[in-house]
Amino acid sequence: MKKKLVTLVLLGLLLLSGGLGMLTGHRELSLGERRKLAQWPKLTGAALLSGSFTSSADKAAADQFPFREFFRRGKALYVTYVLGQPDNNGIYVTDDSAAKLDYPLSQSSLRHAIDRIQNIVDNYLSGTQVRCYYSVIPDKNYFLGNSLGYPVMDYDRLLDELSRSLSMTYLDLFETLSPEDYYRTDPHWRQECLEPVASSLARGMGLPFSSAFETVTLGRFSGAYAGQSALPLEPDSLCYLENETLRGCTAYDPVSGDPVPIYDPDKLDSRDPYDLFLGGALPLVVLENPNGPAGRELVLFRDSFGSSLAPLLAASYSKITLVDLRYMDSSLLGDYVTFSHQDVLFLYSTLLLNSSQSLR
C-alpha cells in the first residue's frame with residue numbers, strides 16, 4: 001500500500017511540475033527548428049468569445065511543453081527506426097544526407113515568381129543596356145528523390161515555363177552540381193564546392209574567372225534539416241573560401257550605410273550559421289572590388305544561396321549588388337540601384353520558386 005501511495009505521489013508531482021513548467025514556459029526560440037515558439041496568449045473576454053484564445057493556447061502548450069526536444073527526438077527515432085516511416089516532418093535521410101520533400105510543383109507559386117521577375121524587367125531594365133540572365137539552383141531532391149522513389153516536383157516543367165516566360169539568357173547549373181555540393185544537414189550548397197558553379201556562370205556571361213582560393217574551416221554545425229527532422233545527424237563542417245582579391249574587397253548595406261563583413265566567423269554559434277556569408281538575410285548588400293575590371297558591375301537578384309556564391313565572382317567585377325526581394329518591395333529598388341549597362345542575374349533555388357509568396 002505504501003509503495004502504491006509513493007508511486008501516486010511521485011506521479012502527481014511529475015504531472016504537476018510538468019504542467020507548471022508548461023504553463024510558465026516562455027522560451028522564445030527553437031534553435032533546432034530555427035523558428036519562433038508560440039507564446040501563451042493573454043486571457044481576455046474577446047479572445048475567449050472569438051475562440052482565438054483556445055487556438056493560441058493549444059499551440060503554446062505544444063511549443064512550451066517541458067523536455068520538448070527530448071520527446072521530439074524520441075518520436076523521430078521511433079517513427080524512423082521502429083515503424084520504418086520513410087520521412088519525419090517531411091525530412092528523409094539517405095547516405096547520411098537529409099533532404100526535404102518538396103512536391104508537387106506549384107504552378108501558382110512559379111507564376112508569382114515569374115511575375116515578380118517580369119515586373120523588374122518592365123519597370124527597371126527595359127530601354128537600358130543591361131545584359132540579362134537567369135539561372136536555377138536545384139534542391140537536393142533533384143539528385144536524391146528519384147533514386148529513392150520519393151515524389152519530386154516536375155523540374156522539366158519548371159524550366160520550360162521559365163523559358164517560355166522570360167526573354168533572357170538561361171545559364172544551366174543542373175549539370176554542374178551534384179549531391180556532394182550541398183551540406184548533409186542543410187538545404188544550402190557548400191561554398192567550398194562552388195568554384196565550378198562560379199566558373200560556369202562567369203563563362204556564360206563572358207567573364208574571366210579566377211579560381212585561386214584557399215579554404216578556411218570554421219568548425220562544425222548542424223543545419224536546418226537536422227533540427228526539423230529531430231534525428232541525430234552527424235554535423236557538417238562550415239568552411240569559406242578566401243584569397244587576396246577578397247581580402248581587398250569591402251561590403252556594405254546601402255540602406256543603413258553600415259559595413260557588412262564578407263565573412264563573419266561569429267555566426268558559427270548563431271541561430272543560423274549560414275549567415276556567415278555577406279550578413280545573411282539582408283534586402284541589399286553591395287560588394288566592391290577596387291581592383292576589379294573598371295565599370296564592370298553585376299546586379300544579383302537572389303535568395304540565401306546567392307550570399308555564398310557572390311564572393312566567388314568578386315574578381316570578375318568592380319561592384320556586385322545583391323538584391324533579396326523577400327525583404328524589400330521591388331518598388332523601392334530604384335532608390336538604390338540605377339540600371340544602365342550592368343550584368344543582371346536572377347539566381348533562385350527551386351525551393352524558393354516553389355514557395356515564392358515572400359517575393360515582393
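Is the crossing of α5 and α7 left-handed or right-handed? I looked this up to start, and the crossing is right-handed, where right-handed means that the near helix is turned clockwise from the far one by less than a right angle, and left-handed means anticlockwise.

**Ground rules**

I am working with a predicted model, in which local features need pLDDT of at least 70 and side-chain atom pairs count only at pLDDT 80 or more, while totals for chains, interfaces and linings use all residues. Residues are numbered from 1 along each chain as its sequence is written, and side-chain values use heavy atoms, with hydrogens and water left out.

**Entry: two helices side by side**

I stayed with α5 and helix α7 (residues 155-165), which pack at an angle of about 30 degrees with their axes 11 Å apart. Helices here are DSSP runs of H or I with at least four residues, strands are runs of E with at least two, and both are numbered from the N terminus. I took axes as lines fitted to C-alpha atoms, for helices over the stretch in contact, with angles from 0 to 180 degrees between N-to-C directions. α5 is therefore roughly parallel to α7, a label for angles under 35 degrees.

Next I listed who meets whom, with contact meaning heavy atoms within 4.5 Å. From α5 come Q107, L110, R111, I114 and Q118, and from α7 come R157, L158, E161, L162 and S165. By class, I noted 4 nonpolar, 3 polar and 3 charged residues in this contact. Nonpolar covers Ala, Val, Leu, Ile, Met, Phe, Trp, Tyr, Cys and Pro, charged covers Asp, Glu, Lys and Arg, and polar covers the others, Gly among them.

**Entry: salt bridges**

How many salt bridges are there? I have 11 on my page, counting a side-chain nitrogen of Lys or Arg within 4 Å of a carboxyl oxygen of Asp or Glu.

I began with D115 and R111, whose closest N and O atoms are 3.6 Å apart. Both sit in helix α5 (residues 107-125), 4 residues apart, or about one turn of the helix. D115 is partly exposed at 39% relative accessible area, and R111 is partly exposed at 34%; that label lies between buried (under 20%) and exposed (over 50%), using a 1.4 Å probe and protein chains only.

R184 lies in the loop between β6 (169-171) and α8 (195-204), and D236 in strand β8 (residues 236-242), 52 residues apart. I found R184 partly exposed at 24% but D236 buried at 6%.

D343 is buried at 0%, whereas R296 is partly exposed at 23%.

I also noted a network: salt bridges that share partners join R111, D115, E161 and R164.

Where does L246 sit? I found L246 in helix α10 (residues 244-247), buried at 3% relative accessibility. Beyond neighbours within four places in sequence, L246 is in contact with F213, L241, I262, Y263, P311 and A314.

I then turned to L312, in the loop between α11 (305-309) and β12 (319-323) and buried at 2%. With the neighbours within four places set aside, the contacts of L312 include F213 and L241.

How values were computed
Angles under 35 degrees count as roughly parallel, over 145 as roughly antiparallel, 65 to 115 as roughly perpendicular and the rest as oblique.
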